[in-house]
Amino acid sequence: MSVLKRVQQWATFARIWHLYDAAWQNPFYSAELLKKYLMGAHKPIYHPMNDCGDHVIVINSSDIALPGDEWKKRVYFHHTGYPGGASWTLAWELHKKDPTLVLKKAVYNSMDGNLQRRYTMERLHIFPDANVPSNLLSNISNQIKQLRPKPKRLDEYTEKEIQEFPKLIDLPKNHILR
Amino acid sequence: MSNSHIFLKPGFINVPLQNGIGRYVGQLQRVVLKFCKNNGSSRGMREFIESDLVNFAKNNPGIVVYLKPRRHRTAVIKAEYLNGDTQWLSCRNFSKDEIYKWLELLRKQQKNHEGSRIRKLWHTENPSIQGPWTPFTFRDPKLNLATFPDEELGKSENVASTSQDELVEMFKRQKLLELEAASASN
């Protein structure tokens, strides 16, 4: 293999680091999206037998949004292997214990259970907030678009923006707001 | 590729010594047709030998054809190639046409392909003019200067405008109209 071909090989199989902001995102739909990047399925060179998966850094995993009443209804099962070792944890309890676990399990479960799955998961780095170690942050060269728009809360608007917002009706002075 | 092919020896399409570029050397060296003179399973082979074999041998002077009559045994074709491969093919109850078809295959192929799978159905010396793909081809140059995390880059696309957005737009249009009306009256 000539020097040029060797460099070409490195360039083609270079691992890219992506960033994904999980705030206000459905972890189960996000998992289907992140899976593609982790396995390298978004690349034209993808083949199940070549190792071309990328790294994905997920930030703000503590702000994920589960659909409907899934925080209360979704149950995570674990068995220690001993008699009576079964335990059932609700999604909100799991999220309280470790705010990265719901997303991590969603990504893990979205992939097929083959020998590559553990190694693919090694390339996923989840952080509960936006504090990413600078050595990881410096690797990032792409940001994955969010699946749904992130709503802006009222307290995130400035006082001026609120004042200038168009008023639909002028309430009378004696109107009582409950 | 299916699972039944996973343990076959993988290979690429190739020809020995650039065969077919300028000159062609048939790679089938020798073929032995074994058959029985009595048994019904060799009937097609006997018919082939009676009607087509002489023509086959005449048309392919580069191939040595042997006939081997054996009593009470099934019909067999054994082919030997220039690269040393030998291929054994059972022709039990084959018709004349089937035998002709298989012989044509043996004549045209470069070696014995049994026990191997082809990774790609094509071969080229010049795979791409543009060069192989890398993660950096077709990349948005905007990403080179971005600092991550970037709110704008991460925003979701193709979102329908909300009623709130439309309300704000209507309000802005109304303001503009009022301004125009004011300037016209002045």
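**Interface, chains A and B**

I began with the contact (heavy atoms within 4.5 Å), which takes 28 residues from chain A and 22 residues from chain B. This is a predicted model, where local features need pLDDT of at least 70, side-chain atom pairs count only at pLDDT 80 or more, and totals for chains, interfaces and linings use all residues. For my own bookkeeping, residues are numbered from 1 along each chain as its sequence is written, chains are lettered from A and ligands numbered from 1 in the order in which they are written, and side-chain values use heavy atoms, with hydrogens and water left out.

Next I looked up the buried area, meaning the accessible area (1.4 Å probe) that two parts lose on being put together, summed over both. Chains A and B bury about 2100 Å² between them, with 68% of it on carbon and sulfur atoms. On the chain A side, A:Gln143, A:Lys145 and A:Pro166 lose the most area to chain B, together 26% of what that side buries.

I then checked for salt bridges (a side-chain nitrogen of Lys or Arg within 4 Å of a carboxyl oxygen of Asp or Glu). Between chain A and chain B the count is 1. A:Lys150 and B:Glu151 form a salt bridge, with their closest N and O atoms 3.7 Å apart.

**Salt bridges elsewhere**

Over all chains, my search of the whole structure gave 17 salt bridges. One of them joins A:Asp51 to A:Arg15 at 3.0 Å, N to O. A:Asp51 sits in the loop between α2 (27-39) and β2 (55-59) of chain A and A:Arg15 in the loop between α1 (3-12) and β1 (17-21), so the pair ties together parts that are 36 residues apart in sequence. Helices (H or I, at least four residues) and strands (E, at least two) are DSSP runs, numbered from the N terminus. A:Arg123 joins A:Arg15 and A:Asp51 in a network of salt bridges.

Buried or exposed, I wondered, is A:Asp54, which pairs with A:Lys43 at 3.0 Å (N to O)? A:Asp54 counts as buried at 1% relative accessibility, and A:Lys43 is buried too, at 5%. My cut-offs: buried is under 20% relative accessible area, exposed over 50%, partly exposed in between (1.4 Å probe, protein chains only).

B:Glu104 is buried at 14%, whereas B:Arg107 is partly exposed at 24%.
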